[in-house]
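Dear colleague,

Here is the structure that I promised to hand over, with the sequence alongside. My notes on what was found in it follow below.

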Amino acid sequence: MTTRTQATFAPPVMEARRWLEGATFPDNQPLINVSQAAPVDPPPAPLRDAMAEALTEPDTHLYGPVLGLPALREELSDQWSAHYHGTVTPSQVAITSGCNQAFAAVIAALCDQGDEVILPTPWYFNHKMWLDMSGVTAIALKTGPDLIPDASLAGALITPRTRAIALVSPNNPGGVEYPADTLKAFYDLARANGLKLIVDETYRDFDSRPTPPHGLLSDADWSDTLIQLYSFSKAYRLTGHRVGAIIADQALLAEVEKFLDTVAICPPQLGQKAALWGLRNLKDWLAGEREEILDRRAAIHDNMPLLDDKGWRLMGCGAYFAYLEHPFAESSATLAPKLVREAGILALPGTMFTPANDPSGARQFRIAFANVDREGITTLFTRLAALDWPLASPTAAA
Ligand SMILES: Cc1ncc(COP(=O)(O)O)c(C=O)c1O
């Protein structure tokens, strides 16, 4: 017998942390950790003050509404409508205990055992894990060298068991920002086939485009097809307070409510109050954070010539991530622990983001650069450029 949890793999970030056990890092080569996409700094001081104040309020310590605080649902619906030039009502917003839970709740509401959900690869591993644990088959939609999925290829993967297509933009792990036309093509495909289009927009606050990333919400009937997911973990550094959101049809949220009530009863009150305070007061601060992330992204491009010369290739870069193809003979799964020991770099191999039968992951690494400044990015690239491991191509190795 295989249990639900045995149907999937162990948490990749925890596995990577184990590579650090027993490793030592000399003073002149401290560890550069580019493995996890989570801010390491605490929320800004004014937000922490607001949270301290919230702790004095009795209702912060109680259960609240399953679908979240009404004021937060309303604020998010207002800001979401304005940002995407569409109409989202508070009843079309649910607050969850993080965006991972949002995905889990939506899949539980949409799918039965044996159903299928299409995921572009490389995929976000927690999406794959949740589908595995739900008895839902993740159908891999391979992307090309630019990591942008093709809706016409997705069309060929649709079967009577397909329930949804789940996209992440800006993408984890690839960093790429899906063009508005790509999202529209997937939306049209989903609608034409009676499917839901789930778009995880965890990194939307760090999108480089000045305009809304898509116009899907301006369709008056968006809620029959579109489901958006959001996270407060990155924007206001509320990672530990577990707040995310679902923007979807009200009837679907009534199904989601059953899941959330049973799993966590309600999202954490302190985190929700912090998210609300952030939405109301941290617009300028967040704009500054975005500028910094965009500068780090530019630093990746600026340093890329160091690696181009060594046979590396930048496949995608944006939001918190650079996704790189490496030139070495061995698999990234073997090289990743070696990278810790020999170069003081903790990065996740592409094999953690690809199906077991897809050889491309063995040639790839994800670099989560959000916590590394410009200078650190140069150090990182200098260390990668110095690796003298055997190369994959006989010509290059000669
Ligand atoms: C695409 C994506 N979705 C969801 C999450 C999880 O977000 P949360 O902390 O809100 O659960 C992450 C975090 O890395 C992510 O990259």
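**Loop residues and backbone**

H85 lies in the loop between α3 (70-84) and β2 (93-96), where helices (H or I, at least four residues) and strands (E, at least two) are DSSP runs, numbered from the N terminus. The phi angle of H85 is near 55°, a positive value in a residue other than glycine. Please keep in mind that this is a predicted model, in which local features need pLDDT of at least 70 and side-chain atom pairs count only at pLDDT 80 or more, while totals for chains, interfaces and linings use all residues. Residues are numbered from 1 along each chain as its sequence is written, and side-chain values use heavy atoms, with hydrogens and water left out.

Two cis peptide bonds to proline may also interest you. One runs from T121 to P122, with omega near 0°, and P122 is found in the loop between β3 (116-121) and α5. Another joins N172 and P173, with omega about 15°, and P173 sits in the loop between β5 (162-168) and α7 (180-192).

The protein is divided into domain 1 (5-42 + 285-390) and domain 2 (45-282), with bounds that come from an automatic or database domain assignment. Their C-alpha centres lie 26 Å apart, and 37 residues of domain 1 are in contact (heavy atoms within 4.5 Å) with 37 residues of domain 2.

How much area do domain 1 and domain 2 bury between them? The value is about 3,100 Å², 65% of it on carbon and sulfur atoms, where buried area is the accessible area (1.4 Å probe) that two parts lose on being put together, summed over both. W285, L286 and F353 supply 19% of the area that domain 1 buries against domain 2, more than any other three residues.

Across this interface there are 13 residue pairs in polar contact, both residues being at pLDDT 80 or more; a polar contact is a pair of N or O atoms within 3.5 Å, and within protein one must be able to donate a hydrogen and the other to accept it, while residues adjacent in sequence count only if both atoms are side-chain atoms. On the side of domain 1 that touches domain 2, α1 (12-18), α10 (283-308), β9 (313-318) and β10 (321-325) each supply at least two residues, and α10 gives the most, with seven residues.

**Salt bridges**

The count between domain 1 and domain 2 is three salt bridges, a salt bridge being a side-chain nitrogen of Lys or Arg within 4 Å of a carboxyl oxygen of Asp or Glu. K142 forms a salt bridge with D358, and the closest N and O atoms are 3.3 Å apart.

By this rule the count comes to 22 salt bridges. D132 forms a salt bridge with K128, with the closest N and O atoms 2.8 Å apart, and both residues lie in helix α5 (residues 125-133), four residues apart, about one turn of the helix.

**A four-stranded sheet**

An open sheet of four strands has the order β9-β10-β13-β12, with antiparallel pairing; two strands pair if DSSP finds at least two bridges between them. Because β9 and β12 (348-349) stand at the edges, each with a single partner strand, one side of each is left without a neighbour in the sheet. β9 and β10 pair in the antiparallel sense over five bridges, and L314 stands opposite L324 in β10.

With best wishes
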